[in-house]
Amino acid sequence: MKEEKVEKDAVDAITDQWYAVRPELDTAPMAVFGRLYRITKAMGDAMEQTYSRFGVSRGEFDVVATLRRSGAPYTLSPRQLSATLMLTTGGMTGRLDKLEKAGLLCRKPDPHDRRGLQVTITERGLALIDEAVTAGLEVQRAALRGLSEEETAVLTGLLRKLLAGV
């Protein structure tokens, strides 16, 4: 794999400043996580803008997408959704209220648990999420355009390894 020269960026400026005042510090972790943070922020903003075209926030997209990828009949309990999305039940309730009002999902009593509910994506929600996920992938693909397929695969593996270690 041929390595291309990339110009210094804002993170390099920060680590260079630290080197100037504290040359004994190993700023390699700062270089990695500073870039990860900036990438996450930029992509989060881009995805928020993309999903807003469909009338949903990124968090709301995540709820509907979780139902969609769960497979037919696209139904989960609020507890399952909360666990998957790492949300409190209160945070989940607010999202479900808004999405139900928009006609993207519906809540019904759980036939197996009198106290429980089931959340199901509607036909409108199914159509919306299929369009929104495609648009989101286009934005993500464009962000990766500077990397080869091999580089993308290597980066994916390295990030998987890093995530497993945190």
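Met-86 is found in the loop between helix 4 and helix 5, and in this predicted model the residue has a positive phi of about 55 degrees although it is not a glycine.

**Helix 4 and the residue after it**

- Within helix 4, which covers residues 78-85, the buried residues are Leu-81, Ser-82 and Leu-85; they span an arc of only 100 degrees around the axis, which puts them on the same side of the helix.
- An α-helix has 3.6 residues a turn, so residues three or four places apart point the same way.
- Arg-79 and Ala-83 are exposed residues carried on the face of helix 4 that is turned away from its buried side.
- The elements against which the buried residues of helix 4 pack are helix 3 (58-69), strand 1 (75-76), helix 5 (89-101) and strand 3 (113-121).

- For helix 4 and helix 5 the packing angle is about 110 degrees, and their axes lie 10 Å apart, which makes helix 4 roughly perpendicular to helix 5.
- In the meeting of these two helices, Pro-78, Leu-81, Ser-82 and Leu-85 of helix 4 face Thr-89, Met-92 and Leu-96 of helix 5 as contact partners.

**Helix 3 and Arg-58**

- Helix 3 has 12 residues and reaches 16 Å from its first C-alpha to its last, close to the 16 Å expected at 1.5 Å a residue.
- Arg-58 has its place in helix 3 and, with a relative accessibility of 35%, counts as partly exposed.
- Leaving aside neighbours within four places in sequence, Arg-58 is in contact with Gly-44, Met-47, Glu-48 and Tyr-51, and of these Gly-44, Met-47 and Tyr-51 are buried residues of helix 2.
- Arg-58 and Val-11 are 47 residues apart in sequence, and their C-alpha atoms are 27 Å apart in space.

**Helix 2**

- Helix 2, made up of residues 28-52, has 25 residues and reaches 36 Å from its first C-alpha to its last, close to the 36 Å expected at 1.5 Å a residue.
- Ala-31, Gly-34, Gly-44, Met-47, Thr-50 and Tyr-51 are buried in helix 2, and what covers these residues includes helix 1 (10-21), helix 3 and helix 6.

**From helix 3 to strand 1**

- Gly-71, which follows helix 3, has a positive phi near 85 degrees.
- The peptide bond from Ala-72 to Pro-73 is cis, with omega near 10 degrees, and Pro-73 lies in the loop between helix 3 and strand 1.
- Tyr-74 lies in the loop between helix 3 and strand 1, where its phi is near 60 degrees, a positive value in a residue other than glycine.
- With a relative accessible area of 19%, Tyr-74 is buried, because the cut-off for that class is under 20%.

**Thr-122**

- Thr-122 lies in the loop between strand 3 and helix 6, the latter covering residues 123-143.
- A polar atom of the Thr-122 side chain lies 2.6 Å from the backbone oxygen of Gly-103, and a polar atom of that side chain lies 3.0 Å from the backbone nitrogen of Gly-125.
- Not counting residues up to four places away in sequence, Thr-122 touches Gly-103, Leu-104, Leu-105 and Cys-106.

Note on methods. Residues are numbered from 1 along each chain as its sequence is written. This is a predicted model: local features need pLDDT of at least 70, side-chain atom pairs count only at pLDDT 80 or more; totals for chains, interfaces and linings use all residues. Side-chain values use heavy atoms; hydrogens and water are left out. Buried means under 20% relative accessible area, exposed over 50%, partly exposed in between (1.4 Å probe, protein chains only). Helices (H or I, at least four residues) and strands (E, at least two) are DSSP runs, numbered from the N terminus. The arc is that of the directions from the helix axis to the C-beta atoms. Contact means heavy atoms within 4.5 Å. A polar contact is a pair of N or O atoms within 3.5 Å; within protein, one must be able to donate a hydrogen and the other to accept it, and residues adjacent in sequence count only if both atoms are side-chain atoms. The expected span of a helix is 1.5 Å times one less than its number of residues. Axes are lines fitted to C-alpha atoms, for helices over the stretch in contact, and angles run from 0 to 180 degrees between N-to-C directions. Angles under 35 degrees count as roughly parallel, over 145 as roughly antiparallel, 65 to 115 as roughly perpendicular and the rest as oblique.
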